[in-house]
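Reader: I would like to go through the terms used for this structure and see what each one rests on. Please set the values against the definitions.

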Amino acid sequence: MNNDQLLEITTEIGWKLLKSGAEIYRVEESIRRMLAAYGFPEAEVFSIPSCIIVTINDENGHALTRLKRIHGSALDFDRIDRLNNLCRHICSEKPDLETIRTSLDEIMGKKDYCFWTNMFFTASISASFTLFYGGAFRDSFVSFFIGIMLFLLLSMLGRFHTNSFFQNILGSALVAGFSLWTTALGWTIHYDKMIIGTLMNLVPGIAITNVMRDILGGDLIAGIIKLVESLMVAAGIALGAGIAISTLRFFFPGI
Amino acid sequence: MIENIPVFIYTFLACFSFCFIFKFHKLSHMIAAATGGMLSWVFYVACAPLGNDLAQYLISTIIVSAYAEVMARVFKAPVTGFLTIGILPLVPGGGIYYTMEYCVSGETSQFIETGIHTFAIAGALAIGVLVVSSLVRLFHMMRLYPRIKAKFVFLSKTLHQKKEK
């Protein structure tokens, strides 16, 4: 394979790793090792959560650069695992372009969990976290259905490509509103536990754990970007729930 | 401890459900990750005699991060997934909510107190993760560069020889 194809395929693998929520140092290290395996030990790789830049120098000293932009990432553990194994395989065996393409297509084409599975487990997260934070069984039962509504709202907003800040505000307003309303009707007991439990679906888990690991690996810019991202999510959640609670308290005084 | 067993089961269920959202595909990975989530809460409760919840958060984060590193080595899989699931029960969701609640109802002193406490919990989680991953990286480096070690041995030997002469 020629240098252009090599650059293209390694950048694509890195891009897919980053899109599946891998840490920055893993992405940079994978690309660097793959290029080193094909005879470019001097390759330069730079990555932040929103883009990757890779440069190699060919035999004549001519620099080749590839830049790829990333729009949003979501943790996909299985994909990171398989891409990681593919990288190890590439570094040890040095297969040709066709083989890499086939296995990459196989990884990207694997079937995902269906809509209903995702919906059921979003609802189940809400129900079990409500119990965990000290809610009663009645609360958890109602939280299950609020979780379903949250999932439907988020998937609808996702289809219209709304930004995530707005999604979080609307989602958390929906959750807080319904929880308070059911408590006001007397169906449930602890509306605060229900809100905390259901909103665990929106809490930026990956961002929080990856921030420290990125900063530790020397990627300060990536760490700061993720920190700001998770603060934005937290602000969105608090804003939405705050609006819904103060509005509903106006209609149902005494809660 | 015994009265907390239902809570441990809820934690396990919650973490197991999160495995599907984070797209785990192998049952063994899911069970390992969800057990990590349960362990974090078990150790949080077990450290209750310390009487300081920041210490509780710190200790259980350190234990669960070490567990995640071990599981990553056992299954030859990235550590991020196990770590993210394992830390979930410790994430201060309640703290964020009550901070917002006090802000909305206008109790400023309570708002500031809860807000700072929530930040401290987040800091404890971050320090726990940081300690374990830097230790792991240190061990990894020590194993990765036997050549450097060999060089040190060689240097010390030559020094000894010079002294003997």
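Reader: What makes the three-strand sheet of chain A an open one, and in which order do the strands stand?

Author: In this predicted model, the order is β1-β2-β3 in chain A, and the pairing is antiparallel. β1 (44–48) and β3 (63–69) of chain A are the edge strands; each has a single partner strand, so one side of each has no neighbour in the sheet. From one strand to the next the twist averages 10°.

Reader: How do you know that β1(A) and β2 of chain A are paired?

Author: Pairing requires at least two bridges between the strands. Five bridges join β1(A) to β2 (residues 51–57) of chain A, and the two run antiparallel. One of the residues involved is A:E44, whose bridge partner in β2(A) is A:T55.

Reader: Which helix lies across β1, β2 and β3 of chain A?

Author: Helix α1 (residues 3–19) of chain A does, running at about 30° to β3(A).

Reader: Why is α3(A) called roughly antiparallel to α4(A)?

Author: Two packed helices are described by the angle between their axes and the distance between the axes. The axes of α3 (residues 77–93) and α4 (residues 97–108) of chain A cross at roughly 170° and come within 10 Å. Angles over 145 degrees count as roughly antiparallel, and therefore α3(A) is described that way relative to α4(A). On α3(A) the contact is made by A:R79, A:R82, A:L83, A:L86 and A:I90, and on α4(A) by A:I100, A:S103, A:L104, A:I107 and A:M108.

Reader: Which residues touch the most other members of the largest nonpolar core?

Author: A:I13 and A:F129 do, in a core of 99 residues.

Reader: How do you know where this core lies relative to domain 1 and domain 2 of chain A?

Author: Both domain 1 (3–108) and domain 2 (115–251) of chain A give residues to the core, so it lies between them.

Reader: What is A:I13 in contact with, leaving aside neighbours within four places in sequence?

Author: A:I13 is in contact with A:M34, A:L83, A:L86, A:C87, A:I90, A:I100 and A:L104. Contact here requires heavy atoms within 4.5 Å.

Reader: What makes the pattern of chain B α-α-α-α-α-α-α?

Author: Chain B has seven helices and zero strands, and the pattern is read along the sequence.

Reader: How many of the residues of chain B count as buried, as a percentage?

Author: Of its 165 residues, 44% count as buried, the cut-off being under 20% relative accessible area. Among contacts in chain B between residues at least 6 apart in sequence, 63% join residues at least 24 apart.

Terms used:
Residues are numbered from 1 along each chain as its sequence is written. Chains are lettered from A and ligands numbered from 1 in the order in which they are written. This is a predicted model: local features need pLDDT of at least 70, side-chain atom pairs count only at pLDDT 80 or more; totals for chains, interfaces and linings use all residues. Side-chain values use heavy atoms; hydrogens and water are left out. A nonpolar core is a set of buried Ala, Val, Leu, Ile, Met, Phe, Trp, Tyr and Cys residues joined through side-chain atoms within 4.5 Å. Buried means under 20% relative accessible area, exposed over 50%, partly exposed in between (1.4 Å probe, protein chains only). Domain bounds come from an automatic or database domain assignment. Helices (H or I, at least four residues) and strands (E, at least two) are DSSP runs, numbered from the N terminus. Axes are lines fitted to C-alpha atoms, for helices over the stretch in contact, and angles run from 0 to 180 degrees between N-to-C directions. Angles under 35 degrees count as roughly parallel, over 145 as roughly antiparallel, 65 to 115 as roughly perpendicular and the rest as oblique.
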